[in-house]
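Here are my notes on the model you passed along.

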Amino acid sequence: VTITTRLLVSHLSGIRHYEKDIAKVKEEKEKANRALKPTKPHQDKEQREGKGIEKTDSAKPRKEHDSETKSRNSKPGRRDKEFEQEEYYLKEKFESVIESLKIFKNDPLFFKPGDQFLYSTYGFTLLSAVVERAAGQKFTDYMLKMFRDLDMLSTVLDDNEAMIYNRARCYVYNKKGRLVNAPYVDNSYKWAGGGFLSSVGDLLKFGNALLYSYQAGQFKSSAGKLLPGYLKPGTVSMMWTPVPKTEVSWDRDGKYAMAWAVVEKQQQCGCCRQQRHYASHTGGAVGASSVLLILPEELGPAAGGAPPRGVIVTIVCNMQSVSLNSTALKIAREFDREKRAQ
């Protein structure tokens, strides 16, 4: 088979995630698909009468796709079976991303590349190896130079040995529901998929750089002195274009694009619910959760001022398994509403 970088960046490669059992992965996907199917009228009647609600898959909300329900009804850090996978807790030190490929390189693909969506941290490990070979230097050196270009001076590798100023302690709930320190792990096997430490300020700079790049082509400076974006406008637009056959676990309205989850602007009928265009990504690691959400301003032909124009929200939390996307979206909408009211 052929695995392209585009398939990797959209999680369509077929490379496994932390779960090694393909039967369990297929079972979970089938449950999720059944939960999304509309129920038949007679099923709805049964559910209203209280029959079969606990046993019928269609009566249960699709938990991994309903971040609103998650955040309202769940206590942080106590519900995510994802973190029961033992590979989250690797302690081996890898000297390069090429070396870390040995973890999964001999494992079978779960499906033919391009056929199905399966979120895969290891797909991004392979992607980092591609970057390393293409750049002709270590992936970590390449990334740190980019962070410096973007003035993200607080964004560094989560290296256990390094002395990192103001590094936060991370926490989890144990099986008894008590707050404890997160266990020691070494993230050198997945730098690209969850191995960097950052700050709220740096992530805002990152979001601003992307939003500026996205909008730079839409603005014409009167003096013609508008600086180019870090990326070409068409590149960011491509990154934020939904890819067929993908899905998003933290927003049922979204699709996966290229390393970003995207909700497109949409309204089915007049006076119906409106979807605003936004791009986001959540982060989950042992002892930490995060989100970066970018809500671009809807620009008209007479839009004045220079980019970036919109709202960017980032939350970094030193607690495991906290659902943050819905909170970030509410904050972004509130700021956006306030701005439009002015």
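Leaving out residues up to four places away in sequence, which residues does Gln267 touch?

1. Gln267 first, then. Not counting residues up to four places away in sequence, Gln267 touches Cys272, Arg273 and Gln274. You'll find Gln267 in the loop between strand E6 (261-263) and strand E7 (278-285). Its relative accessibility is 36%, so Gln267 counts as partly exposed. Do keep in mind that this is a predicted model.

2. Now the overall picture. The protein has eleven helices and nine strands. Of its 342 residues, 39% are buried. Taking contacts between residues at least 6 apart in sequence, 65% of them join residues at least 24 apart. The protein exposes about 20000 Å², with carbon and sulfur atoms supplying 52% of that area.

3. On to the inside. The largest nonpolar core holds 43 residues, and those with the most contacts inside it are Tyr122, Leu210, Trp240, Trp260 and Ile294. Two or more residues come from each of H1, helix H6 (121-135), helix H7 (139-149), helix H9 (200-216), helix H10 (233-239) and strand E8 (288-296). This core also draws on both domains: at least three residues come from each of domain 1 (1-31 + 79-158 + 185-193) and domain 2 (198-341).

4. Leaving aside neighbours within four places in sequence, Trp260 is in contact with Phe206, Leu210, Met239, Trp240, Lys255, Ala279, Ser280, His281, Leu292 and Ile294. There is also a second, separate core of 14 residues, which includes Val291, Leu293, Val313 and Ala332.

5. Next, the charged pairs. Side chains of opposite charge can pair when their charged atoms come close. In this structure there are 16 salt bridges. One of them joins the side chains of Glu298 and Arg276, at 3.1 Å from N to O. That pair links distant parts of the chain: Glu298 sits in the loop between E8 and strand E9 (310-317), Arg276 is in the loop between E6 and E7, and the two are 22 residues apart.

6. Are the two partners buried or exposed, by relative accessibility? Glu298 is at 42%, so it counts as partly exposed. Arg276 is at 15%, and therefore counts as buried. Both residues also belong to a salt-bridge network that links Lys265, Arg276, Glu298, Asp336 and Arg340.

7. The loop between E8 and E9 has a pair of its own. Arg309 forms a salt bridge with Glu297, and their closest N and O atoms are 2.8 Å apart. Both residues lie in the loop between E8 and E9, so the pair ties together parts that are twelve residues apart in sequence. Arg309 has a relative accessible area of 16% and is therefore buried. Glu297, at 21% relative accessibility, counts as partly exposed; the cut-off for buried is under 20%.

8. Glu334 counts as partly exposed at 46% relative accessibility, and Arg337 counts as partly exposed at 45%.

9. Two backbone angles to check by eye. Asn166 has a phi near 65°, a positive value in a residue other than glycine. Asn166 lies in the loop between strand E1 (156-157) and strand E2 (171-173). With a relative accessible area of 64%, Asn166 is exposed. Lys245 is not a glycine either, and its phi is positive at about 75°. Look for Lys245 in the loop between H10 and strand E5 (255-256).

10. Last, the surface. Which residues make the nonpolar surface patch of about 270 Å²? Val1, Ile3 and Leu109 make it. Ile3 is placed in the segment before helix H1 (5-9). Its relative accessible area is 32%, so Ile3 is partly exposed. A residue needs over 30% to be part of a patch.

Methods:
Residues are numbered from 1 along each chain as its sequence is written. This is a predicted model: local features need pLDDT of at least 70, side-chain atom pairs count only at pLDDT 80 or more; totals for chains, interfaces and linings use all residues. Side-chain values use heavy atoms; hydrogens and water are left out. Patches are made of residues with over 30% relative accessible area and no salt bridge: like charges are joined within 9 Å, nonpolar side chains (Val, Leu, Ile, Met, Phe, Trp, Tyr) within 5 Å. Accessible areas come from the Shrake-Rupley method with a 1.4 Å probe; for residues, only the protein chains shown count as cover. A salt bridge is a side-chain nitrogen of Lys or Arg within 4 Å of a carboxyl oxygen of Asp or Glu. Helices (H or I, at least four residues) and strands (E, at least two) are DSSP runs, numbered from the N terminus. Buried means under 20% relative accessible area, exposed over 50%, partly exposed in between (1.4 Å probe, protein chains only). A nonpolar core is a set of buried Ala, Val, Leu, Ile, Met, Phe, Trp, Tyr and Cys residues joined through side-chain atoms within 4.5 Å. Domain bounds come from an automatic or database domain assignment. Contact means heavy atoms within 4.5 Å.
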